[in-house]
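Thanks for asking me to look this over. Here are my notes as numbered points, to be read with the structure open beside you.

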Amino acid sequence: MSYSAKATTVGNSRAFAVEAAMFRAHPELTEGRFEVHVIGPGTLLFHAVPETVPEAEVDDPVIAAWLAFIERDMLEHPDSLRPFDPELVREARELVKGIAVDLDEDLGDVTLP
């Protein structure tokens, strides 16, 4: 679902005025603290930061948004879910056989052009 918003000024600050329907559909966004991430040119991700969770423990907002999207899609369209094809799983295992993975490896900074 998408909602329209308009850039505006509130006092001496810049703000976004978002249509009321978004707040009715998502009451968790009506108060509290938010982080705003620029995830691409002209694309923002607003992330509600729970007050009870230390900032260091907050999940990656992009991954959290993706997982929320997948969860919502699965709940709204359960008929589109399909089990993995056992042959596809076998091929994937064969493809990565013998590859060592270090989950703590620093992959470096990601920069956008």
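This is a predicted model: local features need pLDDT of at least 70, side-chain atom pairs count only at pLDDT 80 or more; totals for chains, interfaces and linings use all residues.

1. Let me begin with Glu-35, which is buried yet takes part in no salt bridge. The nearest side chain of opposite charge belongs to Arg-33, 4.2 Å away.

2. Which side chain does Glu-35 join in a polar contact? The partner is His-37, and the contact is 3.1 Å. As for its place in the fold, Glu-35 sits in strand S3.

3. Next, have a look at the surface. Phe-16, Phe-34, Val-36, Val-38, Leu-44 and Phe-46 make up a nonpolar patch there, and together they have about 570 Å² of accessible area. Strand S3 (33–40) and strand S4 (43–49) each contribute at least two of the patch residues. S3 gives the largest share, with three residues.

4. Glu-35 is buried, whereas Phe-34, Val-36 and Val-38 are in the surface patch. As a general rule, side chains in a regular strand alternate between the two faces of the sheet.

5. Phe-46 is found in strand S4, and its relative accessible area is 46%. Phe-46 is therefore called partly exposed, because the exposed class starts over 50%.

6. Now to the hairpin. Strand S1 (residues 5–10) pairs with strand S2 (residues 13–18) in the antiparallel sense, over six bridges.

7. Tyr-3 is in the segment before S1. With a relative accessibility of 24%, Tyr-3 counts as partly exposed. How far is the C-alpha atom of Tyr-3 from that of Val-89? The two are separated by 39 Å, and they are 86 residues apart along the chain.

8. Helix H3 (residues 86–96) has something to show at its start: a side-chain oxygen of Asp-85 comes to within 2.9 Å of the backbone nitrogen of Glu-87. After the helix comes Gly-98, with a positive phi near 85 degrees.

9. How many salt bridges does the structure hold? There are two. One joins the side chains of Glu-87 and Arg-90, at 2.7 Å from N to O. Glu-87 and Arg-90 are three residues apart in helix H3, so about one helical turn separates them. Glu-87 is partly exposed at 36% relative accessible area, and Arg-90 is also partly exposed, at 44%.

10. Lys-97 and Glu-94 form a salt bridge too, with their closest N and O atoms 3.7 Å apart. Is Lys-97 exposed or buried? Lys-97 counts as exposed, because its relative accessibility is 60% and the exposed class covers values over 50%.

Methods
Residues are numbered from 1 along each chain as its sequence is written. Side-chain values use heavy atoms; hydrogens and water are left out. Two strands pair if DSSP finds at least two bridges between them. Helices (H or I, at least four residues) and strands (E, at least two) are DSSP runs, numbered from the N terminus. Patches are made of residues with over 30% relative accessible area and no salt bridge: like charges are joined within 9 Å, nonpolar side chains (Val, Leu, Ile, Met, Phe, Trp, Tyr) within 5 Å. Accessible areas come from the Shrake-Rupley method with a 1.4 Å probe; for residues, only the protein chains shown count as cover. A salt bridge is a side-chain nitrogen of Lys or Arg within 4 Å of a carboxyl oxygen of Asp or Glu. Buried means under 20% relative accessible area, exposed over 50%, partly exposed in between (1.4 Å probe, protein chains only). Lys and Arg count as positive and Asp and Glu as negative; His and the chain ends are not counted. A polar contact is a pair of N or O atoms within 3.5 Å; within protein, one must be able to donate a hydrogen and the other to accept it, and residues adjacent in sequence count only if both atoms are side-chain atoms.
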